[in-house]
Amino acid sequence: MGLIMKEAFANTPEAEFVQGLMESAFPKEEQMTLEEMLNRAVSDGRELIVYYDEQEPVGFTLSARTESTVYVLYLAVSPAARSKGYGGQILSTIKERNGGLPLVVDIEPLDEECQNMEQRLRRKAFYEREGFKDTQLFVDDGICRYQVFSQADPFSEEDFFEAHAMFFPEDLS
């Protein structure tokens, strides 16, 4: 059976789940508040989705769709559901739901001194298993630097920045 998707809105169990998982899954400097995520997900092409296996929430995504790509800004799987294939199922669901458009993500790069190198290596390996390739493109939000991975072949920086601008209208090159 496939995953069940529910959009997160303020004052719902989905919003509460997203907030808790955001706080536990991402470093403080990479987190958005629930209000920021909900505000960024209110326009066409952007959505904050919680994924359920039966009645149990297993993860969430915040993504933006353009005509040519889907940018997954956040993908998080709950600790109890990790290493059980849910991350791959979520990515497959997003791609299928968006007519097979290629997905693009940005992750912490491996070339910096950091406290979570093992986590970064696992994350990179996960995305590579899911068909993502290193684009050699980096974005910097003024706090953190990220490496862009994409399923698109060929990869288009223009397509990525169009989707990225749906969340971050300022230039982040």
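Select residues 103-107 and 145-150 to begin. These are strands β5 and β7, which run antiparallel and are joined by four bridges. Within this pair, D106 has V148 of β7 as its bridge partner. Keep in mind that this is a predicted model.

**The whole sheet**

Now show the other strands as well. Seven strands make up an open sheet with mixed pairing, and their order across the sheet is β1-β2-β3-β4-β5-β7-β6. Which strands stand at the edges? Select 4-7 and 133-140: these are β1 and β6, and each has a single partner strand, so one side of each is left without a neighbour in the sheet. Look along the sheet next: on average, neighbouring strands are turned by 35° against each other, direction ignored.

**Two helices**

Select residues 13-25. This is helix α1, which packs on the sheet and touches β1, β2, β3 and β4. The direction of α1 makes about 85° with that of β3.

Then select residues 117-129, helix α4. Helix α4 lies across β4, β5 and β7, and runs at about 170° to β5.

**The largest pocket**

Rolling a probe the size of a water molecule over the atoms shows where empty space is left. The largest pocket holds about 1000 Å³ of space. Its lining counts 42 residues; to find the centre, select F26, L75, A76, R123 and Y127, the closest to it. Elements that supply two or more residues to this lining are α2 (34-40), β4, α3, β5, α4 and β6. Which of them gives the largest share? Strand β4 does, with seven residues. By type, the lining of the largest pocket has 21 nonpolar, seven polar and 14 charged residues.

**The cavity**

How many cavities of 30 Å³ or more does the structure hold? There is one, and the largest cavity contains about 40 Å³ of space. Select M5, E47, I49, Y51, T61, S63, I94, R97 and N98 to see its lining. Four of the lining residues are nonpolar, three are polar and two are charged.

Colour β2 (46-53), β3 (56-65) and α3 (86-97): each supplies at least two residues of this cavity's lining. Strand β2 gives the most, with three residues.

Definitions and conventions
Residues numbered from 1 in each chain as written. Predicted model: local features only at pLDDT ≥ 70, side-chain atom pairs only at ≥ 80, totals over all residues. Heavy atoms only, no water. 1 Å grid on protein atoms, 1.4 Å probe; cavity = no way out; pocket = protein on both sides within 12 Å on 5 of 7 lines; lining within 4 Å. Points joined across faces, edges and corners; volume = space filled by probe spheres on them. Nonpolar A, V, L, I, M, F, W, Y, C, P; charged D, E, K, R; others polar. Pairing = 2+ DSSP bridges. Axes fitted to C-alpha atoms, helices over the stretch in contact; angles between N-to-C directions. Contact = heavy atoms within 4.5 Å.
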